Amino acid sequence: MTHAIQDVVVRDIDPVGTEEITEVLVAAMSDGAVARWLMPADALRRQSSPEYFAIFAEHAVHHGEVYASVDPIDGKLSGVALWFPLTHVIPPPMDYESRIKDVAGPAFDRVCELDAALEAEHPLGPHHYLAFVAVRPDRQNLGIGSALLARHHARLDRAGLPAYLEANDPRNRELYLRHGYQSRPPILLPDGPPVWPMWREPLL
């Protein structure tokens with residue numbers, strides 16, 4: 001199910017599509033430190049980012065939960081949060097390895113390195129995993145990311161479930177700390193930026 005958050009109003013979006021979700025992910029994340037480590041060449045990153053993030057948008061629509069903030073003026077998505085309820089087994093994205101090979105090209109080895117590093121630190125117990133939270137650059141610093149987090153955290157608190165994520169830059173890490181996450185020692189990518197695993201216990 002996909003939800004839209006406009007101020008404190010939640011409504012369903014139907015039908016669910018992935019193009020706008022992917023556009024927000026690309027706009028917010030394709031020039032981040034981890035993206036630049038994965039694909040240092042600007043041209044390759046610009047070309048590959050839409051297909052790369054589409055893999056995860058499609059996977060979240062089919063096997064996760066997508067929250068989205070809708071701009072009240074133009075009706076476009078201004079922010080998205082992609083959650084996966086790891087309280088049961090979820091299959092990997094369809095044809096993941098072959099699609100990543102096609103998308104990443106010479107960056108394939110680094111994508112595999114990133115995936116392995118994140119997987120090694122991922123907790124095994126039941127929890128909800130926040131794969132991405134992204135806000136369009138022109139809509140950042142307006143509280144959209146916090147609203148997206150708070151909406152799902154309220155559900156997790158009622159269910160007594162913890163949450164897990166990886167913060168990909170210090171500013172995001174500070175946001176998550178304000179929302180009750182505890183930071184663990186960072187994952188150190190070879191010659192790359194730190195990535196912080198973070199865990200949130202439910203508020204009972």
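**Terms and their grounds**

Mentor: I187 is found in strand β8 (residues 187–188), where strands are DSSP runs of E of at least two residues and helices are runs of H or I of at least four, numbered from the N terminus. This is a predicted model, in which local features need pLDDT of at least 70, side-chain atom pairs count only at pLDDT 80 or more, and totals for chains, interfaces and linings use all residues. Residues are numbered from 1 along each chain as its sequence is written, and side-chain values use heavy atoms, with hydrogens and water left out.

Trainee: Why is I187 called buried?

Mentor: Buried means under 20% relative accessible area, exposed means over 50%, and partly exposed lies in between (1.4 Å probe, protein chains only). I187 has 8% relative accessibility and therefore counts as buried.

Trainee: Which residues is I187 in contact with, leaving aside neighbours within four places in sequence?

Mentor: Contact means heavy atoms within 4.5 Å. On that basis I187 is in contact with A117, L118, E121, P193, P194, V195 and P197.

Trainee: What makes H153 buried?

Mentor: H153 lies in helix α6 (residues 144–159). Its relative accessibility is 3%, so H153 counts as buried. Residues up to four places away in sequence aside, H153 touches W83, H179, Y181 and R200.

Trainee: Why is α3 called roughly antiparallel to α4?

Mentor: Helix α3 (residues 42–63) and helix α4 (residues 96–104) pack at an angle of about 160°, their axes being 9 Å apart. Angles under 35 degrees count as roughly parallel, over 145 as roughly antiparallel, 65 to 115 as roughly perpendicular and the rest as oblique; the axes are lines fitted to C-alpha atoms over the stretch in contact, and angles run from 0 to 180 degrees between N-to-C directions. The angle of about 160° therefore makes α3 roughly antiparallel to α4. The contact involves L44, S48, E51, Y52, I55, F56 and E58 of α3, with Y96, R99, I100, V103 and A104 of α4.

Trainee: What makes α1 oblique to α3?

Mentor: Helix α1 (residues 19–29) and α3 pack at an angle of about 130°, with axes 8 Å apart. That angle makes α1 oblique to α3. Here I21, T22, L25, V26 and M29 in α1 meet S49, P50, F53, A54, A57 and V61 in α3.

Trainee: How do you know that Y52 and F53 form an edge-to-face pair?

Mentor: Rings of Phe, Tyr and Trp (its six-membered ring) pair if their centres lie within 6.5 Å; planes under 30 degrees apart count as stacked, over 60 as edge-to-face and the rest as tilted. By this rule the count comes to 8 aromatic pairs. For Y52 and F53 the centres are 5.2 Å apart and the planes stand at 80°, an edge-to-face pair. Ring pairs also link Y52, F53, F56, Y96 and F132 into a cluster. Y52 counts as buried at 10% relative accessibility, and F53 is buried at 5%.

Trainee: Why is N141 called exposed?

Mentor: N141, in the loop between β5 (127–135) and α6, has 71% relative accessibility and therefore counts as exposed. N141 also has a positive phi of about 65° although it is not a glycine. Most residues other than glycine have a negative phi.
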